[in-house]
Amino acid sequence: MDDCIFCKIIRREVPAEIVYETDELLAFKDISPLAPTHVLVVPKSHFASLDDLPADNVDLAGKLLLGIRDTAAKLGISGGYKVVTNCGEAAGQVVGHLHFHLLAGKKFTP
Ligand code: AMP
Ligand code: ZN
């Protein structure tokens, strides 16, 4: 996707503070953090949202979930973390590239 901001970060056309990377995913710091640790974990392939992740791509779905866990481990997060994906405008999704917010370092309400 030519004009997708996260695809541009993945292609290194836009700078970001990358904290973890595999062949299939990238994790980088959110530009407007809502917690002391606020990282976005994204697949390198463009999918608009969780709804657009192909149902038969169980491998990527699993790698994303485990990649979030491995990002938290790499960051040395202790004391727990929260994982959120906003799916669709009504849920507050602004960037149309599937991403998971990894949040830590403060007390969250459920
Ligand atoms: P969402 O509302 O779930 O779509 O979240 C999009 C997130 O992307 C927000 O938390 C933004 O702060 C973050 N964001 C937007 N542009 C950038 C960027 N260039 N680098 C890092 N984070 C970004
Ligand atoms: Zn994209």
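Helices (H or I, at least four residues) and strands (E, at least two) are DSSP runs, numbered from the N terminus. This is a predicted model, in which local features need pLDDT of at least 70, side-chain atom pairs count only at pLDDT 80 or more, and totals for chains, interfaces and linings use all residues. Residues are numbered from 1 along each chain as its sequence is written, and side-chain values use heavy atoms, without hydrogens and water.

Start with the fold. The chain has two helices and five strands. Their order along the sequence is α-β-β-β-α-β-β. The radius of gyration, taken over C-alpha atoms, is 13 Å; the globule rule (2.2 Å times the number of residues to the power 0.38) gives 13 Å for 110 residues, so the chain is as compact as a globular protein of that length. The C-alpha trace spans about 35 × 30 × 25 Å along its principal axes.

Now the ligand. Ligand 1 sits in the largest pocket. A pocket is an open set of points on a 1 Å grid over the protein atoms alone, where a 1.4 Å probe fits, with protein on both sides within 12 Å along at least five of seven lines. To sit there, more than half of a molecule's atoms must lie within 2 Å of the grid points.

Which elements build the shell? Helix H1 (5–10) and strand S2 (25–29) each supply at least two of its residues. H1 gives the most, with three. Of the 16 residues around ligand 1, Asp30, Gly92, Val94, His99 and His101 come nearest.

Polar contacts are pairs of N or O atoms within 3.5 Å. A polar side-chain atom of His99 lies 2.8 Å from a ligand 1 oxygen. For a backbone N or O atom of Gly92, the distance to a ligand oxygen is 2.8 Å. A polar backbone atom of Val95 is 3.0 Å from one.

Definitions and conventions: Chains are lettered from A and ligands numbered from 1 in the order in which they are written. A residue is near a molecule or strand if one of its heavy atoms lies within 4 Å of it. A polar contact is a pair of N or O atoms within 3.5 Å; within protein, one must be able to donate a hydrogen and the other to accept it, and residues adjacent in sequence count only if both atoms are side-chain atoms. On a 1 Å grid over the protein atoms alone, a cavity is a set of points where a 1.4 Å probe fits but cannot get out, and a pocket is an open set with protein on both sides within 12 Å along at least five of seven lines; lining residues have an atom within 4 Å of a point.
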